Amino acid sequence: MSEKKQHYEPGKHPDQAPPVTAVGAIGWLRQNLFSSWSNVVLTIVALYILYQLVPGVIKWAFIDADWVGTTRQDCSREGACWVFIHVWFKQLMYGRYPEIWRINIAYLLLVVGMILLFIPRFRWKHWVAVFLLVVYPMIATVLFTGLSAGNIEAWPYRLMVLSALAIAILALLPLLGIRRERSAVVAILLLIFVPLWGLSASSTWTAGLLYGAPPWAAFIGVLLATLPMVTLAVALMFSQWRTLIWEHFWQLCIVVAIITCVGFLVPLWAWQDTAGSTPPWVMALTAALLSLAAISPWGYERDAGLPGQLARLLLPAYLFIAYLVFAGPPDFLNFGSLDWTANTEPFFASLKETTLPEVETPLWGGLFLTLVIAITGIVASLPIGIVLALGRRSHMPIIRAVCVGFIEFWRGVPLITVLFMSSVMFPLFMPEGVNFDKLVRALVGVAIFSAAYMAEVVRGGLQAIPKGQYEAAQALGLSYPKMMVFIVLPQALKLVIPGIVNTFIGLFKDTTLVLIIGLFDFLGMAQLAATNPDWLGFAVEGYVFTGFGFWIFCFSMSRYSQYLEKKLHTGH
Amino acid sequence: MAAEKKEALVLAKPPAKPPIWNDPRYRALFFQVLVLGGIILLCVFLVHNTLANLARQGIASGFEFLGRTSGFSISMHLISYAEENTYFRAFLVGLLNTLLVSVIGIVLATIFGFILGIARLSKNWLIAKLATVYIETLRNIPLLLQLFFWYFGILRQLPGPRNSIALFDTFFLNIRGLFSPQPIPQPGFWWIPAALGVAIAGIIFLARWARKRQEQTGEQFPVFWTSLGLIIGLPLIATLITGFPLKWNYPELQGFNFQGGLVLIPEFVALVLALSLYTATFIAEIVRAGILGVSHGQTEAAYSLGLRPTPTLRLVIIPQALRIIIPPLTSQYLNLTKNSSLAAAIAYPDLVLVFAGTVLMQTGQAVEIIGITMAVYLTISLLISGLMNWYNKKMALVER
Amino acid sequence: MAKATRKSSKRMTVSQEVMIQMIDVHKWYGQFHVLKDINLTVNKGERIVICGPSGSGKSTLIRCINRLEEHQRGQIIVEGTELTGDLKHVELIRSEVGMVFQHFNLFPHLTVMENLCLAPIWVRKMPRQEAEEVAMNYLERVKIPEQARKYPGQLSGGQQQRVAIARSLCMSPKVMLFDEPTSALDPEMIKEVLDVMVELAESGMTMLCVTHEMGFAKTVSNRVIFMDEGQIIEENEPEEFFNHPRSDRTKLFLSQILHH
């Protein structure tokens, strides 16, 4: 030891700097790159790989690249031709969509909503979540598909589908920690439904007028169909009425249902002579059931006996019945079918005025389409996945078997066969004359496929909840649905958020497969551009650009999920 | 309520039967019947519609079509196939092509993935960072995009046969594919595989003997190095003695294309490249998680018992890491197999392209064909996950 | 807390033969100075208890002795072999020094018997039968021979720690290092582990023990070392140490640990 030794009293030794060989740049190099002979060799190999790759890539992508121009002649062909991307940029982002401001507004709304959600101490998060899950899809659908005379007759269907989705999501809201007692939220939710019912009622109205019902009858019908819901929603805003309403919840529900029923019946009497359309009583009954279904999820805490139990069943029943009525029942049930288009065409043809021109889905494309498919897929798959996961852990053998079979089937086949199935087999499954858009069929396929994966993610969360939580919930006297909704699922879903994000990343990457069934997503657009006769030979630039786009999305999401995972681990 | 309860106590009446909708057994039964009924209704609805639609469009149903002549050719077939063969034969060709690309992809992805995973844990900063960058880049880019990159971006841009890229004048890479010499065994060739067989048998025997000897005397034997010597040495000796009984059929440029040799079509090369490079990133992460999943205390305990790094790895770390690695690894294998169906996008004649593509177009029997295709993938998945469950049960660590 | 009841330290002898010598040992974690100028000599048969507040470097100190941690300055000599980067020396020392960890670190994929036999077979090159006999012998000493065919996951914490001790003993080490062996155990299991340690001490084993079991320190050890901030503050016989602590820090520490 060359250093001079100095003695200190016990406990008085000061902190000293470590020897230079252990820290600093030299220490770092020694430890990390040259700690042994094998390490030196590895370092040299790595440096050689970098030397082979990096300068070439930089030269190709930046130094020798062509940046400005409008035609392929502007590319000197030494390096990358970014002119290609520049020229095709709009198509890559939006496809052939004509009015991109509509998409941009939807983007803006989404981004603002997301930013608000991520502000840690933001007080109105629940509202934002409700907006994003319930209102936003409707706004986006209107913006994207357009709202014009040409497609008004399709709106009852769309509204039905959207409100079905909204109801399914509403039923999930308690899981997000929104309690029924937060009456303001409830009121807002109901207020959202009022215009919805209003709209479907008003389409009934227009149709009623067409068939010769007197206007006053149609007007009264609409008023009756919407008024009870509005009243209920407004009443819920005041605390003294709120208690009263919750106390007589089921009675009120029945009153609302009856009034709605009558409301729908009034204009529909005029229809009776229209051969081949859905009988009015079916419509009326449906309307009653619809309004019941809309409020039934909020009756969780009332111990309502048989009527309560039945009302809960309305949620699934609603979807089926709504389908029967509005899409037309299958022939074998012999109801006849409702043909909106044929009967209403002359009326709508007269309405030439347009507000938002309709945009057919074949015009949709690029990154926009990718986002539409991925986000719809994930939002739709979450509720289905939760139901499947609960079913898989159920004690009822038939339900368990059905869920296991469903999950394992979709997880066992490649997405491409699912897409083939939705494009080739789906039309065969539907009754004659019912045709779904190609995009809708793909969405259904994607949603079912990812629901199976989502179910497994959620199941993982359910399994991670300690048995004590279930026992404690049961000891408090909670029934199965209450236990799941208030105790287990909120915890389980929180646990699996990283898993959900990972599923979303997988889904996001998998959306590229839709180009095989002829939809032009982000990659599909790049492929289309690269096969354009004027721009042959720039495929690599297209792939690098789209690859970079996908990478940014997926990488940032995976970082986010890792961050959440870390937070969860330290949070316990 | 309270009064009723009291009365019941006093009189000790048998408890009243709960109303039928509050009896959990009836409830369960009711829900299940409801679900089952719904499903049956749905099935009836779908089958009814499908039958009606098929009848209307005049599409035949049933599986007779499998016996009919296909009338199309397939660019790559492992079993002999021509246009006059049946659709069933075409199905087999597609299935075999799917299996081939999957198996080769799995082997390459495993090798590459393990190397990457270990590289990412390397103490060498540069190697670890390189591996990280590779993994984080490729796993976040869609597989189909990578497939297109390799196929349309690279392999389709290659020069024609006349300007092939030549490696050592034996391998030729051009737009038609990768041409390599094809080995043609000569008389006496069988000595070489025989020697290999003997070597393998020898190694098994050696390993058993070495283990027995160690159990009895404690002496250790360098099994690994001897095995390596045997497996290389014996076939080498056999080759030398028999005078290299293997001829190579070199590809030669004749007219516009190469003749002879072994051809790997570009679709195959692109698919294998994309599948294995992409899946390798996931395998790398699994391997890394597996190794990190064995707590550092295990290594420390083994070291403090005097075990050296190599036996520590072999006896303590790897057996535990494998338990963590194998289940997700299998699901990656399944993913790779399912992803091989992307072949359809670059026209590699796999099951989906041949059967769910061409055959479906020709016959129009969507239900049967998509059904069979899905059933094949489902069978593969269920078989492998069944095996996996069995393995997991067997290998699970025994806990209280 | 469980106390080792037998007053047995008198019976144990300490020879003058030096087992471990640490001379001016320094260690850093990055910029952090963990061990500062450690000088310690351990004779054969000594039972040393090292105590001190958490983060004082006591675990690091004993982990340096079998080079689970590398020291950057100074010398550590175990049985005449100096610990350097030379792998042969490290292996030699590790096979002569046994170590028991706070979290047992048993190999969960091997049975208790296989845990015990692993090192004798692969390091000592013992035939399996002999190794199993030795292992059974030690399992009897730690009083759990009936658990030999079970897996560690099936045992209680106390049983696992006793298996860990037996596993180290199977290598017939000359020194045993204990790194808080009872800290992860439930109170009723602490006693069964301490009993085994006391018995081990009686048999004349050289022991270095990081522990908070002051009862064990009082009755079994022949020297107590108090560490703080990476330094040895005080070093004394247990009686003196507990009854007449010299430094203020020691007094503070003792008051905190004894009157809770």
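In this predicted model, 57 residues of chain B are in contact with 65 residues of chain A. Contact here means heavy atoms within 4.5 Å. The size of an interface is often given as the accessible area lost when the parts come together. For chain B and chain A that area is about 5,300 Å², with 76% of it on carbon and sulfur atoms. Buried area is the accessible area (1.4 Å probe) that two parts lose on being put together, summed over both. On the chain B side, B:Q32, B:N140 and B:M374 lose the most area to chain A, together 12% of what that side buries.

The rule finds one salt bridge across the interface of chain B and chain A. A salt bridge is a side-chain nitrogen of Lys or Arg within 4 Å of a carboxyl oxygen of Asp or Glu. B:E136 forms one with A:R559, and the closest N and O atoms are 3.3 Å apart. Over all chains, the whole structure has 32 salt bridges.

Some of them lie within chain C. C:E46 and C:R223 meet through their side chains in a salt bridge of 2.7 Å, N to O. C:E46 sits in the loop between β2 (32-43) and β3 (47-51) of chain C, and C:R223 in strand β9 (residues 223-228) of chain C, so the pair ties together parts that are 177 residues apart in sequence. Helices (H or I, at least four residues) and strands (E, at least two) are DSSP runs, numbered from the N terminus. Both C:E46 and C:R223 are buried. Buried means under 20% relative accessible area, exposed over 50%, and partly exposed in between (1.4 Å probe, protein chains only).

C:K58 pairs with C:E180 in another salt bridge, the closest N and O atoms being 4.0 Å apart. This pair also links distant parts of the chain, 122 residues apart: C:K58 is in helix α1 (residues 58-65) of chain C, C:E180 in the loop between β7 (175-179) and α6 (187-202) of chain C. C:K58 counts as buried because its relative accessibility is 4%. C:E180 counts as buried at 13%.

C:R246 and C:E234 form a salt bridge with closest N and O atoms 3.9 Å apart. C:R246 lies in the loop between α8 (238-243) and α9 (248-258) of chain C, and C:E234 in strand β10 (residues 231-236) of chain C, so the pair ties together parts that are twelve residues apart in sequence. At 56% relative accessibility, C:R246 counts as exposed. C:E234 is buried, with a relative accessible area of 2%.

Chain B also holds an open sheet of four strands, in the order β1-β2-β3-β8, with antiparallel pairing. Two strands pair if DSSP finds at least two bridges between them. β1 (165-167) and β8 (262-264) of chain B stand at the edges with a single partner strand each, so one side of each is left without a neighbour in the sheet. Strand β3 (residues 177-180) of chain B is joined to β8(B) by three bridges, and the two run antiparallel. B:S180 has B:L262 in β8(B) as its bridge partner.

How far can the model be trusted? The predictor gives the complex an ipTM of 0.88 and a pTM of 0.80. pLDDT is the predictor's confidence in each residue, from 0 to 100. Chain C has a mean pLDDT of 88, and 94% of its residues reach 70 or more. Over residues 1-11 of chain C, pLDDT stays under 50. Where pLDDT is low, the predicted coordinates should not be read in detail.

Residues are numbered from 1 along each chain as its sequence is written, while chains are lettered from A and ligands numbered from 1 in the order in which they are written. Local features need pLDDT of at least 70, side-chain atom pairs count only at pLDDT 80 or more, and totals for chains, interfaces and linings use all residues, while side-chain values use heavy atoms, with hydrogens and water left out.
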